Amino acid sequence: MMNIARFTPLRISSSEQEFILNFSLLEHDLIHFFKIRDFDHAISRINKFKEVHPINWIDAEILNQLLLGLIGSLTAASYTHNLNLNDFLKLRLYFFNFIKKSPCTSSTFWPLSNDIITTYFNLLDNFDFHVSYQNLSKQVALTAYYISAHPQELTNSHGVLHTLNLNNDYTQKLFKKELGFSINAYIQHIKLSEAKRLLLQRQLSVGKIASLLHFYDTPTFSKTFKKAVGLSPLKYRELNYLSLTSQSY
């Protein structure tokens, strides 16, 4: 005879049921924005939801379960879209452990929701400028390789092409044609990727990182970083130090 597991029904009010349903619809939209990499609309959708759905009367356990579900859905979406699942699994593990140790409350639910969304979207950035050197012309391959290999020596496309002794106009057009983005866009991506790496080295100040990467000044670096990543450099350091600490669990 097969044993049947019996569960105690959750005691949730009708208002809590309505909130769960509406949050499920919000989660559906957030996953859609995650798949198409539209961070601005994801945050806008959360902000609109907050305006019409108060949570002061929602049980904390329900809030925690909703966040765990959102984390699982985002991780699953990364898998179905052929992203680096290992990185997203580490991220899921971190947030699961974080919520286990520090369960959210009505006052921390939305800040933590924003941190989860921002961090997951931020991890997508690692895959936005993938360069495969196969089938590239020599000029484009050399330019892309130099940029990737010298993140702390980059200023702009003209400086790179001058260093490589390549024709500026011709190489600019060829690079955009073969890779789909400009040399300056790739330089910006590499510099910000290097900034992310350096921000995990806590002994380096934001000002020092700005100087190493040849930004005009610290405010310019911070503004550029926040516009591209959605977080200030210090907030990124706080959140993404998890990529190292999560490995200890």
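Contact here means heavy atoms within 4.5 Å. I apply that meaning throughout these entries on a predicted model.

**Entry 1: helices 7 and 8**

I looked up where helix 7 and helix 8 meet. Ser157, His158 and Leu161 of helix 7 are in contact with Asn168, Thr171 and Gln172 of helix 8.

I turned next to the geometry. Two packed helices are described by the angle between their axes and the distance between the axes. Helix 7 spans residues 157-164 and helix 8 spans residues 168-179; their axes lie 10 Å apart, at an angle of about 115°. Angles of 65 to 115 degrees count as roughly perpendicular, and helix 7 is therefore recorded as roughly perpendicular to helix 8. I also noted the handedness: the crossing of helix 7 with helix 8 is right-handed.

**Entry 2: Glu194**

I located Glu194 in helix 9, which covers residues 183-199. Is Glu194 buried or exposed? Its relative accessible area is 9%, and the threshold for buried is under 20%, so Glu194 counts as buried.

I then asked which side chain Glu194 meets in a polar contact. The partner is the side chain of Arg197, at 2.8 Å. Setting aside neighbours within four places in sequence, I found Glu194 in contact with Pro151, Gln152 and Leu213.

**Entry 3: Leu68**

I placed Leu68 in helix 3, residues 60-80.

Which residues touch Leu68 once neighbours within four places in sequence are left aside? I recorded Phe96 and Ile99. I also looked up the spacing between Leu68 and Arg92: they stand 24 residues apart along the chain, and their C-alpha atoms are separated by 8.8 Å.

**Entry 4: the whole chain**

How many helices and strands does it have? I listed 13 helices and zero strands, and the pattern read along the sequence is α-α-α-α-α-α-α-α-α-α-α-α-α.

Of the 249 residues in the chain, 42% count as buried. For contacts between residues at least 6 apart in sequence, I noted that 70% join residues at least 24 apart.

Note on methods
Residues are numbered from 1 along each chain as its sequence is written. This is a predicted model: local features need pLDDT of at least 70, side-chain atom pairs count only at pLDDT 80 or more; totals for chains, interfaces and linings use all residues. Side-chain values use heavy atoms; hydrogens and water are left out. Helices (H or I, at least four residues) and strands (E, at least two) are DSSP runs, numbered from the N terminus. Buried means under 20% relative accessible area, exposed over 50%, partly exposed in between (1.4 Å probe, protein chains only). A polar contact is a pair of N or O atoms within 3.5 Å; within protein, one must be able to donate a hydrogen and the other to accept it, and residues adjacent in sequence count only if both atoms are side-chain atoms. Axes are lines fitted to C-alpha atoms, for helices over the stretch in contact, and angles run from 0 to 180 degrees between N-to-C directions. Angles under 35 degrees count as roughly parallel, over 145 as roughly antiparallel, 65 to 115 as roughly perpendicular and the rest as oblique. A crossing is left-handed if the near helix is turned anticlockwise from the far one by less than a right angle, and right-handed if clockwise.
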